[in-house]
Amino acid sequence: MELRVENLAVARGGLVVLEGISFTLCPGQALVLRGPNGIGKTTLLRTIAGLQPPVSGAISAATDDLAYASHADGLKSALTVDANISFWASVYGSGQTAAAAALDRLELTALRHRAAGQLSAGQKRRLGLARLLVTGRPVWLLDEPTVSLDQAAVALFAGVLRAHLKEGGAALIATHIDLGLEEAGGLDLTPFRPKHQRAVAGGFDDAFGEIIGAPG
Amino acid sequence: MIALLARDLSLAFRAGGGFGLGLAFFLLVVVLVPLGVGPDSAILAAIAPGVLWVGALLASLLSLDRIFALDHEDGSLDLLATAPLPLEGVVAIKALAHWLVTGLALTLAAPLLAVLLNLPAPGYPWLLLSLAVGTPALSVIGAFGASLTIGLRRGGLLLSLLVLPLYVPTLVFGAEVVRRGATGLAPATPLALLAAITAGSLALLPFAAAAAIRVNLR
């Protein structure tokens, strides 16, 4: 289990937003991605998670090592907290005890019979983060995990993260706030912005360019 | 997989879930057509197969955009795409859930509603059979259409336009089975063609839909 990224370039909306990124994430390590809004933190995480193809470069990690947590928590507001987490526990085959333990770790056990739609924004976020624990996957890709969490919840989550690293997990985190993880390295994405704006060939040209001979 | 099916079904039966929407629409069509056409039972018997099939088709069209749109909005689709389930399986399960909630319900309700349209008695088993064989194709074709329009807000118009031509063969052969059954002709040929369309859609479209989802999630 090791996440290695070599000379990666990623694109959003047909423009290359980051290029030349290389790093290696070993068990027990965390890497915090920094940079202003719009630099491409989310795009980089989605590319590593396999939701979009890289423009160039290589990502070497087993896809079943990665657990991705996006801005959205993927909760069903009509279902209870319990039903939401149990669903993900069954998807990842980790069983109901893991689901109960995850709720316990993020201090949601008291809310387990409430509908997820009735939770506050911070509680929803905590439920979204509890999903990471039931995935049982070692490398967490976290996109702004602390949004709408209060200070106590941020500390709680930092504790969960620290325990995960201690058990040999790893985490790639895009965040603007300091999680207080002294073992985490930082990576400022600003230098990886391309010098010249560069468009990527669109999907249509990729697919049909050779056949119809359209200019790339 | 089973957890996903159970989740989708339990969401469908909750408030705002869409169960009953298709059924209510089907009921409306079948109740309103005799009022509009008039009480001539010979005319009603002649148009019954077509009206029942068109009603079932439009009713199943009504809830198609829910198949993926809700999961895309709340982010579950991203998470499902990175989960250990194959995306083709996710599509197949979601189409199955859609069929159980709309197609199966419409199939079971159709014989009751056919009374209102004075469908000749020999047509009833064929109506039930043709809907049971044909509606899975509607759900899986619809799931394919829904996967193409993921991420478009108010994509319902485009979805209907994309899906309607694909629904035509199912409608033609489905209604033909009932018409032939009702008038005492042999319905085996259109039934075989209907089953072929369903089998082909079930085999191919989950892959096409999964590919479309992968492109749309980029």
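Among the contacts in chain A with a separation of 6 or more, 73% are made by residues 24 or more positions apart, two residues being in contact if their C-beta atoms, placed from the backbone, lie within 7 Å. This is a predicted model, in which local features need pLDDT of at least 70 and side-chain atom pairs count only at pLDDT 80 or more, while totals for chains, interfaces and linings use all residues. Residues are numbered from 1 along each chain as its sequence is written, and chains are lettered from A and ligands numbered from 1 in the order in which they are written.

Chain A has six helices and eight strands, taken as DSSP runs numbered from the N terminus (helices: H or I, at least four residues; strands: E, at least two). Their order along the sequence is β-β-β-α-β-β-α-α-α-β-α-β-β-α. The C-alpha atoms of chain A occupy a box of roughly 60 × 40 × 30 Å along the principal axes.

Of the 216 residues of chain A, 38% are buried, that is, with 20 or more other C-beta atoms within 10 Å of their own, C-beta atoms being placed from the backbone.

The contact between the chains draws 20 residues from chain A and 20 residues from chain B. On the side of chain A that touches chain B, the elements giving two or more residues are strand S5 (66-69) and helix H2 (81-91) of chain A, and H2(A) gives the most, with three residues. The classes on that side of chain A are tabulated below.

| Class | Residues of chain A on the side touching chain B |
|---|---|
| nonpolar (Ala, Val, Leu, Ile, Met, Phe, Trp, Tyr, Cys and Pro) | 11 residues |
| polar (the others, Gly among them) | six residues |

Notes:
A residue is buried if 20 or more other C-beta atoms lie within 10 Å of its own, exposed if 12 or fewer, and partly exposed in between; C-beta atoms are placed from the backbone.
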